[in-house]
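Visitor: Could you walk me through this structure, starting with whatever stands out?

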Amino acid sequence: MPRQDGKVAIVTGGGRGIGYEVVRHMVRLGAHVIIVEFQKLDLASLQSVRHFAQSFKQRALPLNILVNNAGVMLVPEARTEDGFEQHFGVNYLGHFLLTWLLLDTLKESGKRGHVSRVVNVSSSAHRIGSIHIKEPASSCPHYSAHAAYCHSKLAQLVFSSHLQQELQRGRFPVISCAVDPGMVATALYRHLWTPLYLVHNIIACLLYKTPEEGAATVLYAALSPALEGDCEGGYWANGCREMTTPPTFDPQLKRSLWETSLQLVGLQ
């Protein structure tokens, strides 16, 4: 990857796992990286997201790269500070608001040949997720942490796709990508049932990617010159653009999720 001197990046969840490796490599390339875990950003609190965005803007820095990486997986049924199901609130809605509040700065910082980038770290689990527009933040009668995680990752991907369309329509120098880092040995699996967690750790050591390997496609989407001038954004896995599930191509679903999300975070 080329040098990133003069560029500013925000990486959520940059203190460990994939996020840490993304930050480490960006810093080595000369980027100014804000690890938001140390900037008092709590994605489970919309007020915290607003405060972080306001504090960042007051510094009058450019923003060239936003990596929406932080997340929770398989957590017990719980609600965020604002009453949303935990996976939906943290993985999707908190990042939706963060991106929206920083979008003007991303637009102002991009230029032809050096577009700004929004990279949403998703998962192949989105393929079995679903979105219920009327009550996207509610729990099912019979709560499934796995299903909630899948739903949140699909919402993230649908948002990423619609954002790219809006940016392309407005001819803004920003692209939006979603990335599947693959099966990576990180602390995300710590909420598995204890006997299963022990077995999982053995399997992970043998078959899963390391966090550094998992960061590779994220870094590609965030930094590669190959995406300059790219008008599609897209969904990336193993360094290649891949097809996603039908919901991500449904224009009505994308518009409905976008409008509902604006309402949920108090922007409309």
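Visitor: Is Ala60 buried or exposed?
Guide: This is a predicted model, where local features need pLDDT of at least 70, side-chain atom pairs count only at pLDDT 80 or more, and totals for chains, interfaces and linings use all residues. Residues are numbered from 1 along each chain as its sequence is written, and side-chain values use heavy atoms, leaving out hydrogens and water. Buried means under 20% relative accessible area, exposed over 50%, and partly exposed in between (1.4 Å probe, protein chains only). Ala60 has a relative accessible area of 66%, so Ala60 is exposed.

Visitor: Where does Ala60 sit, and what is its phi?
Guide: Helices (H or I, at least four residues) and strands (E, at least two) are DSSP runs, numbered from the N terminus. Ala60 is in the loop between helix H2 (46-58) and strand E3 (65-68). Most residues other than glycine have a negative phi. Ala60 isn't a glycine, yet its phi is positive, about 55 degrees.

Visitor: And Arg171, buried or exposed?
Guide: You'll find Arg171 in the loop between helix H4 (145-169) and strand E5 (174-180). Arg171 also isn't a glycine, and its phi is positive, near 55 degrees. With a relative accessible area of 77%, Arg171 counts as exposed.

Visitor: What pattern does the protein chain follow along the sequence?
Guide: The protein chain has seven helices and seven strands. Read along the sequence, they give β-α-β-α-β-α-β-α-β-α-α-β-β-α.

Visitor: How much of the protein chain is buried?
Guide: The protein chain has 268 residues. The share of them that counts as buried is 53%.
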